[in-house]
Amino acid sequence: MRLLRVDHIAIVVPDIEEGLGFWQTALGLSVDHREELPEQETIVAMLPVGATELELVQPTADTSGMARFLARRGPGLHHICFKVENIETTLAELKARGIRLIHDEPIAGAGGRKVIFVHPKSACGVLVELVE
Ligand code: CO
């Protein structure tokens, strides 16, 4: 497995419009695109910062993992995503090493790309996303 770069850093907010107030107005970032991720019950806004992006995430259902995170811990840093060469071989390697994952198989992330999430219990308390 080889991590190629930080793909994006995700921040969970109760309201994307409100969240954008700070990132656009105070720090001068621009929204590249917005997207709904039905599988993850969220909407996201992507703001490029060089080769990386800031991902503002808002839950769309009270039952989603994202909504539970927000209710428990409030808005803030949610996950860090690294780009990998091949998601299937990465998944197999992680499973072989006994690393705890959120899902057994890749799910659809932003842009329809296949992603997997490493459980924070296996990653120093940080939710880690890996994308192909
Ligand atoms: Co993400």
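User: Which residue stands opposite valine 44 in β3?

Analyst: Strands are DSSP runs of E with at least two residues, numbered from the N terminus. Glutamate 35 stands opposite valine 44. This is a predicted model: local features need pLDDT of at least 70, side-chain atom pairs count only at pLDDT 80 or more, and totals for chains, interfaces and linings use all residues. Residues are numbered from 1 along each chain as its sequence is written, and side-chain values use heavy atoms, without hydrogens and water.

User: How many bridges join β2 to β3?

Analyst: Strands pair if DSSP finds at least two bridges between them. Here five join antiparallel β2 and β3. The two form a hairpin with four residues between them. In the turn, glutamate 41 has a positive phi of about 50°.

User: Is glutamine 40 buried or exposed?

Analyst: Buried means under 20% relative accessible area, exposed over 50%, partly exposed in between (1.4 Å probe, protein chains only). Glutamine 40 has 17%, so it is buried. It is found in the loop between β2 (33–37) and β3 (42–49).

User: Which protein donors does the cobalt ion have?

Analyst: Donors are N, O and S atoms within 2.8 Å of the metal (3.2 Å for Na, K and Ca); water is not among the atoms, so sites may look incomplete. The cobalt ion has His8 (NE2), Glu55 (OE), His79 (NE2) and Glu129 (OE), 2.0 to 2.7 Å away. Histidine 79 lies in β5 (residues 76–84) and glutamate 129 in β8 (residues 127–131), so the pair ties together parts 50 residues apart in sequence. Histidine 79 is buried at 3%; glutamate 129 is also buried, at 3%.
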